Each structure stands twice: as structure tokens, then as C-alpha cells.
Amino acid sequence: MAEPQVVASRYALWKAAIKWPMYSVAVMPALLASGWLQSQGLDPRWGQLGLFLLAAVLHASWNAFVKASGDRFLTFTAIRGTGTLIGMAAAFFVPLPAAEAWPYLIAGVVIHNAYYVVLLQAYRFGDLSHVYPLARGVAPLTVAVLSALVAGEIPSSDGIIAIALVAFG
């Protein structure tokens, strides 16, 4: 039987992970997209929606594990390392990206690693239910602004509404 302290810490972890802001940021975009598809008379791909929802829950869960762990850096490294190994194994089954894509892939790796460092630092000082929604909500805004400035990609009015809904929950 588990010791009461371990059970209490698991309960605290679940309590942190099921707060509404966590799931509103993680799950709402997929639900909004499927609702929009239905409003347009299109059938959502339910298998894909299920995978998106699973990914959202897993994403929120790994953030909860990192926040609750005693050694956040080690936990984070183990989680990201596992994902990297899975991705490397899957890479054998798809063609290599075009040469023109490599600078963007490298830039993406650099940006994501900088994001992860900032996220780990934020978890040192902030509550998971505050840090996670802010971290997830800033990303779509940042991408939209940088896309407009760097690539001249201006979102449509529907796109702006979608970005606002995702960013502000």
C-alpha cells in the first residue's frame, strides 16, 4: 500500500492537472475546430479529433509532471528525450525534408529549446495553472505576429478570431 504522503502528492498533482485553464488551452482548440467543421456542414474526422484530444491531455499531463517533480530538469529531459527517440525512430519511415526546409527546422529546434528553458524557469516561480495557460496562449500570438512581420502572412478575420480564442481561452 502506498504511503499517505505519496498518495497526497499524487492527489495534488491530479488536482493541479485538472484545473480548467489547463484543459481550456489544451483541449478547446480541437473542440472549436470540430464545432466549426460541423457548422460548415462538414464531418470532423473523429479519429483525428480523438488523437488531438489525447495529445492535448498528454501535453497538459507532462507539464503537470514536470511542475510536480523534485528535479524538474531531469524529468523534463527524460520526457523530451523520450519524444526525441520516438521521433528519430519514426524518421526512418518518412522521406527526409527538402533542403530548403532545413533552416526552418533548425530555427524551430532553437526556438523550442529556448521556450523550454523559459518554461522551466517559469515553473520555478509560478503555479502550474497560471504558467501553462500563459505559455500555451502566447505561442499562437507570437506565431501570428512573426508570420505577419517576417513572411507577410496576414490571417483572415476567421483566423484572427481563432487565434484570439486559442490564445485567450
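## The second largest pocket

The second largest pocket has a volume of about 500 Å³. Here a pocket is an open set of points on a 1 Å grid over the protein atoms alone, where a 1.4 Å probe fits, with protein on both sides within 12 Å along at least five of seven lines, and lining residues have an atom within 4 Å of a point. A volume is the space filled by probe spheres set on the points, which are joined across faces, edges and corners. Among the 18 residues lining the second largest pocket, Arg-80, Thr-84, Leu-105, Val-109 and Asn-113 are the closest to its centre. Helix H5 gives the most to this lining, with nine residues; helices are DSSP runs of H or I with at least four residues, numbered from the N terminus.

This is a predicted model, in which local features need pLDDT of at least 70 and side-chain atom pairs count only at pLDDT 80 or more, while totals for chains, interfaces and linings use all residues. Residues are numbered from 1 along each chain as its sequence is written, and side-chain values use heavy atoms, with hydrogens and water left out.

## The largest pocket

The largest pocket has a volume of about 610 Å³. Of its 23 lining residues, Ile-111, His-112, Ala-139, Thr-142 and Val-143 are the closest to the centre. Helix H3 (46–68), helix H5 (102–125) and helix H6 (128–151) each supply at least two residues of this lining.

## Two packed helices

The crossing of H6 and H7 is left-handed, a term used if the near helix is turned anticlockwise from the far one by less than a right angle.
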